[in-house]
Amino acid sequence: MVEDDLPDWLPTWCADHLGAEPVAVLFEARSISAVFGLRLATGRDVVVKAREDDGRAASCVAAQARLADRGFPCARPVTPVTGVGTLAVHAEEFRPGGELLRGDSPHVAARYAEVFARLMTALADVTVPPPLPNPRWIRWDHTDPGLWPSIEDLDRRDQNTVPAYVVETAGRLRGRLLAADLPRVLGHADFEAQNLRWLGGRVWAVHDWDSLAWQPEAALAGAASAVFPKTGPALLPPIASSEAFLAAYQDIRGRRFTTEEQEVAWAASLWPAVHDVRWEALHGAPQGSPDIVRAQVAERLRRANA
């Protein structure tokens with residue numbers, strides 16, 4: 001039976017909130033969230049997402065629903081967020097299809113920037129409680145003691161395995177980012193290739209809306225300019241591609257970043273990469289492209305004035 005493959009709570013939750021129990025599992029993925037693609041007894045296909053309730057989910061789902069209502073290419077939530085024990089759970093439409101857009105050239109960067117600019121424009125007048133704390137891979141703005149945000153699974157590991165240049169770079173980046181005095185806005189903080197699908201040359205779906213964040217626009221655009229080609233471990237695109245992303249983003253948004261915003265964007269572009277290298281080092285995982293990351297540190301720091 002399909003129930004044997006699912007958490008004990010899930011069939012009943014589906015019956016209560018979607019009107020039918022699941023009869024087939026279309027897919028299952030587990031990372032920070034557990035994601036289940038399900039076919040219900042009514043024939044309806046849905047996606048159910050569950051993650052530890054850190055207080056962020058309701059705002060993220062509300063913002064996602066607003067964008068779906070406006071025709072932005074994303075799955076429409078079909079339930080509100082509900083609590084199941086320590087989990088925050090909701091369901092959304094199943095939006096299959098489309099392909100990855102691979103590559104890290106300036107041309108590809110500009111295509112991603114166009115989507116990110118549309119996304120940020122659509123979110124500009126969406127009012128929800130800020131989805132805090134921000135996702136851990138961009139949480140340079142934490143208030144925990146020490147350089148890194150407190151994450152128990154990482155903190156208990158041997159910190160000596162983290163390359164010294166990563167620690168030094170993170171300290172310089174965080175100092176620059178915290179010194180900025182810029183308004184915060186709502187934006188997508190995990191704008192990686194693996195979270196988008198394309199169809200017929202156009203974006204078909206943007207996924208992972210539980211990764212919304214509340215940070216300066218320049219920081220969110222800067223992070224996106226560096227993670228857009230990612231489908232796995234630590235990686236940075238060429239400097240010229242991040243530059244092309246930021247230029248295209250500003251063109252589409254119809255305003256130029258100030259000098260401070262430019263510096264913040266370049267600082268934020270490097271933070272996810274040093275976070276990733278640290279994570280991989282602490283887990284003893286095969287590191288993605290640490291040489292690529294290290295080779296770009298000096299130039300990105302220079303552009304960040306860090």
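## A chat about the predicted model

User: How many positive and negative side chains does the protein have?
Analyst: This is a predicted model. The protein has 32 positive and 40 negative side chains. The centres of the two sets lie 5 Å apart.

User: OK, what about helices and strands, how many?
Analyst: The protein has nine helices and nine strands.

User: And what box do the C-alpha atoms fill?
Analyst: Roughly 55 × 45 × 35 Å, along the principal axes.

User: Why does the radius of gyration agree with a compact globule?
Analyst: Because a compact globule with 306 residues would have a radius near 19 Å, and the protein has 20 Å.

User: What share of the residues is buried?
Analyst: Of the 306 residues, 52% count as buried. The accessible surface is about 13,200 Å². Carbon and sulfur atoms account for 51% of that surface.

User: New topic. Which residues does the cis peptide bond join?
Analyst: Leu132 and Pro133, with omega about 0°. Most peptide bonds are trans.

User: Where is Pro133 found?
Analyst: Pro133 sits in the loop between helix H3 (106-123) and helix H4 (152-155).

User: What is phi of Asp208?
Analyst: Near 65°, a positive value, and Asp208 is not a glycine. Asp208 lies in the loop between strand E8 (202-206) and strand E9 (212-216).

User: Is Asp208 buried or exposed?
Analyst: Buried, because its relative accessibility is 16%, and the cut-off for buried is under 20%.

User: What about Asn305, buried or exposed?
Analyst: Asn305 is exposed, at 52% relative accessible area. Asn305 also has a positive phi, about 55°. Its place is in the segment after helix H9 (290-304).

Terms used:
Residues numbered from 1 in each chain as written. Predicted model: local features only at pLDDT ≥ 70, side-chain atom pairs only at ≥ 80, totals over all residues. Heavy atoms only, no water. Helix = DSSP H or I, 4+ residues; strand = E, 2+ residues; numbered from the N terminus. Rg over C-alpha atoms; globule rule 2.2 N^0.38 Å. Buried < 20%, exposed > 50% of the residue type's maximum accessible area, 1.4 Å probe, protein only. Areas by Shrake-Rupley, 256 points an atom, 1.4 Å probe, with all protein chains shown as cover. Lys, Arg positive; Asp, Glu negative; His and termini not counted. Charge placed at Lys NZ, Arg CZ, Asp CG, Glu CD.
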